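Student: I would like to go through the terms used for this model and see what each one rests on.

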Amino acid sequence: MKFGLMYANAGPFAFPEMLTHLARTAERVGVESMWTIEHVVIPVGYKSTYPYDPSGKIPAPEQMPMPDPLIPLAYAAAVTTTLRLATGILILPQRHPLYVAKEVATLDVLSHGRVILGIGIGWLEEEFQALGIPFAERGARTAESVRAIRSLWKDEAAPFHGKFHRWEKLESHPKPVQKPGVPIVVGGHTELAARRAARYGDGFFPGVTDEVQLTRLLGVMREECAKVGRDPAKIEVTSGRAAPYVDGVRRLQELGVSRFMVPPPAFDPDGITEGLERLGNLIAKVR
């Protein structure tokens with residue numbers, strides 16, 4: 001079981017001293033990866049329902065610092081050597097795939113092949129409205145963008161003709177260090193997300209903590225894999241609970257989870273050190 005640290009760019013971790021301490025301490029205690037979140041803006045007074053909290057709202061002030069998800073990972077790459085660098089998640093339909101392919105490949109080169117691209121379709125309709133992107137198209141745009149990005153990561157230039165993006169042969173360099181490209185992890189809490197992971201994901205990050213829901217979504221993913229002729233064992237599953245314990249970690253392993261996700265244990269340097277060292281002790285027990 002690997003362990004990932006989520007929300008790695010939120011709040012105090014938007015700033016260099018705390019981000020450095022978080023990344024270096026996580027690497028030192030045996031955490032495998034750190035994952036950043038994304039919202040380019042938070043529309044004031046939004047009405048959309050946040051799906052990952054019972055309140056229906058992001059459990060943080062609308063003014064909380066939330067940097068771009070990729071730039072903090074580039075910073076973390078420079079202050080670490082083995083920690084994997086992941087978006088958890090990047091809202092793919094809000095971005096042009098030409099830029100995503102270039103930025104993610106660049107980060108993979110600078111980090112010597114440590115990047116994971118976690119993607120989602122988004123839930124905040126008002127954010128899409130501010131960007132001028134049709135909210136109803138986000139699922140189709142995401143699937144097409146994945147195809148487009150992977151085509152740009154190939155060694156040979158190729159045309160791409162989709163509904164939303166079209167171009168003739170293009171050169172996009174550098175290419176990712178990882179071959180055939182940076183792993184793409186599909187995030188989401190719905191059956192549709194599970195089916196997307198089966199169709200085009202290298203991994204699946206179901207945004208649920210309840211074991212019954214997790215089991216159901218993994219079942220949907222495996223059913224879809226059977227339909228499209230994929231081996232579900234090749235889709236790495238990321239999940240977890242806020243407070244890991246040995247039996248809980250092993251239970252998730254039995255369900256097929258390969259990476260256990262935890263939030264930062266505190267928001268001050270001493271608390272981060274103490275909390276992550278406790279996590280490091282647990283990591284040593286389950287290995």
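Tutor: The chain has nine helices and 11 strands, where helices (H or I, at least four residues) and strands (E, at least two) are DSSP runs numbered from the N terminus. This is a predicted model, in which local features need pLDDT of at least 70 and side-chain atom pairs pLDDT 80 or more, while totals for chains, interfaces and linings use all residues. Residues are numbered from 1 along each chain as its sequence is written, and side-chain values use heavy atoms, without hydrogens and water.

Student: Why is the pair of Phe3 and Phe260 called tilted?

Tutor: Rings of Phe, Tyr and Trp (its six-membered ring) pair if their centres lie within 6.5 Å; planes under 30 degrees apart are stacked, over 60 edge-to-face, and the rest tilted. By this rule there are eight aromatic pairs. Phe3 and Phe260 have centres 5.7 Å apart and planes at 35°, and therefore form a tilted pair.

Student: How do you know that this pair links distant parts of the chain?

Tutor: Phe3 belongs to strand 1 (residues 2-5) and Phe260 to strand 11 (residues 259-262), 257 residues apart. Both are buried, that is, under 20% relative accessible area with a 1.4 Å probe, protein chains only.

Student: Which residues form an aromatic cluster?

Tutor: Tyr46, Tyr50, Tyr52 and Trp123 form one.

Notes. Buried < 20%, exposed > 50% of the residue type's maximum accessible area, 1.4 Å probe, protein only.
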